[in-house]
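Hello,

Here is the structure I promised to pass on to you. Please have a look at it first, and then read my notes below.

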Amino acid sequence: MKSVNVFDISVIFAYFLVMLAIGIYFVRINKGGKDYFTGGGMVPWWMSGISLYMGNFSAWIFTGAAGFAYATGLFTMLYFCVGIIAYIVGTKLNAVRWRRTRSISPLEYTHTRFNIPTQQFLSWVVATNFTLSGGVQLASTCKLLAPVIGFDISFTVLLIGTVILIYTFLGGMWADSVMDVVQWTILLSITFLVMPLSLQLIGGVDGLLEKLPPITFDHTYNGVRYTEHWLLGILIISITGFASGGRQFYSVKDEKSARRVGYFAACLALSVPLLFGIPPLVAKVYWPDLAQVDFFRPFLDKNPQDLVFIGLVMKLLPHGLIGLFIAAMLGATMTTLSSVFNFVSSIYTRDIYLGLFHTQLSDERMLKVGRMASLVVGLIVIGLATFFVNSKFGIFNLMQAFFTLLNIPVTVPLAFGLINRKVPRWSALGAITWGLIVGATTRYVLGWDIGPQVYLAFTMTLGIFTTAHYTARMYKTNKPLLALTSAAVTVATYALFSNTMNVEYETWRATLSVASSIALGASLFAFARLFAQQSEEDTRVVAEFFRKVDTPIDVAREVYGGGKRQVSTMPLVGKAVIVMGGLVSLVTLTGLTPGEVKLVAILSGTLVLFGAAMWFFGKRSEAKFEAERALFTTAATDEQTKI
């Protein structure tokens, strides 16, 4: 099996330079906070769709997810299909509504739909969730890279984290979106080579299906149990997650574009099981015992299965393409983490800083605060990754722990707050509190599997949220009935908790489960009192919010107003891809075999042709963008003249 050489390092270095150049280029595009966080509402729908798809990619899918696939076999293929359904349903539910909120962060709408205390609580929970997940993603990247290039793993965390931080600090939403397209092009090109080459090792698809064990739905991986209930739980989380908003939905110009974003991402997700699921399954058949393979022996006590994808790459690809694969994986992580930094910094800027310290903040000042927030978030993520990369809990399990505990309490009120118009302004606070209590109790006190944990957390979170207007009415008109209902909640949850402890009985676990049951029941009465405080002014504010959601985007006034121009990014993307294709072609000068030269020629030619097409059609689209802007601007001027 090969090791990384100077040609691979050169490709990685060149790739980093291209990324930083794009970040520097977009410094001049970002004139204010709205440009930095949402691209000024001018990001093309296809680019946002690719960005939404790529937002779920990092080196984690080639380390943690690949290791999970190696351990669980065909079961993981079902996991890789979850995103397809989630994109479609989430888009159908809320893509149009999100664009009409006119937001620059997913939580911005919460201070009008709900209230400022809810916005602050949500902001801290969401920011914490994404910061922790960012630490896991950076750790997975460094775990992939360090053993391959021989760097100390802590030094690798600092190096990669710093490059990502500089890139995010400079470029913002535009740089993320452009690099997502570049990453997508290169990533799919090279994985389209790895997948069929790996299948040749075991006799093709027939050999894979013949040698793989049959699918089963009960797996224990690094001490955590995964069943069909986990799959359904992930589906529930993913649907509510996409329905709860993403900057890709409100960074495009109108509602039609917002729908296209989600549906295009769903189409792209069809590639995930094939390109990213099959190679780890091949490794399971080809290397049934990793202890017998020299490449994996140094990592036998550190989840060696996390390295099976890179192991195949080192075996199958020539030098130069190995470097390009590593660069693409790093790049995917860089843009994913850059999105996390940008997303969390938008929360700190728009929702926390602006909510706590300033009632007004200029767009230029918001840009400065946003960049400083990105810097702080990046430093925290780097620190977390240094800790996570040495954890024996496993990268996949770490990601699942954060994903399943913190997502449901946040995404349910965010998603259904746009759908349910009756719930009072304090309802989200009750939902978040119940979701966190139930999730933490069932998972970490009672030892429930992830699936049942998600079921109950989702049911309880959605339950208190959607019934908030009824419990408010009960508080006003029938307090005894409300007290009886609160007592019933306490008794029912205590009965459930006390009979479902999946770990060895300990006094502290029993005590905490009782405390959680009482907290849920008592808080229902307390929250009902809050829900009942909905004033006429609160009702008016909520009604005004939904009038905005019911109002289509006025593209002429809201998007093209003030002389804005849509930036045609396709030529820039095309140039970047052509440069990478040219760099790949230089690999043929390093003394490859005829078969390896053929692989390099296929990849290089694909990149150059795709880049040239992007450049050509991008130049043509510039004239179209300008004509569209002029048309909308003229229409707006005529309308103002009539008025």
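**The nonpolar patch and the core**

Helix H5, residues 75-100, is the element that gives the most to the nonpolar patch, with four residues. Please keep in mind that this is a predicted model, in which local features need pLDDT of at least 70 and side-chain atom pairs count only at pLDDT 80 or more, while totals for chains, interfaces and linings use all residues. Residues are numbered from 1 along each chain as its sequence is written, and side-chain values use heavy atoms, leaving out hydrogens and water.

The patch lies on the surface and is formed by Ile85, Ile88, Val89, Leu93 and Tyr263, with about 360 Å² of accessible area together (Shrake-Rupley method, 1.4 Å probe, only the protein chains shown counting as cover for residues). Val89 sits in helix H5 and counts as partly exposed because its relative accessibility is 31% (buried is under 20%, exposed over 50%, partly exposed in between, with a 1.4 Å probe and protein chains only).

Now to the inside: 60% of the 643 residues in the protein chain are buried. The largest nonpolar core has 185 residues, of which Tyr53, Leu138 and Phe325 touch the most other members. Beyond its neighbours within four places in sequence, Phe325 is in contact with Phe62, Ile190, Phe309, Ile310, Val313 and Leu317 (contact means heavy atoms within 4.5 Å).

As for the whole, the protein chain has 26 helices and two strands (DSSP runs numbered from the N terminus: helices are H or I with at least four residues, strands E with at least two).

Best wishes

Notes:
Patch = residues over 30% accessible without salt bridge, like charges linked within 9 Å, V, L, I, M, F, W, Y side chains within 5 Å. Salt bridge = Lys/Arg side-chain N within 4 Å of Asp/Glu carboxyl O. Core = buried A, V, L, I, M, F, W, Y, C linked by side-chain atoms within 4.5 Å.
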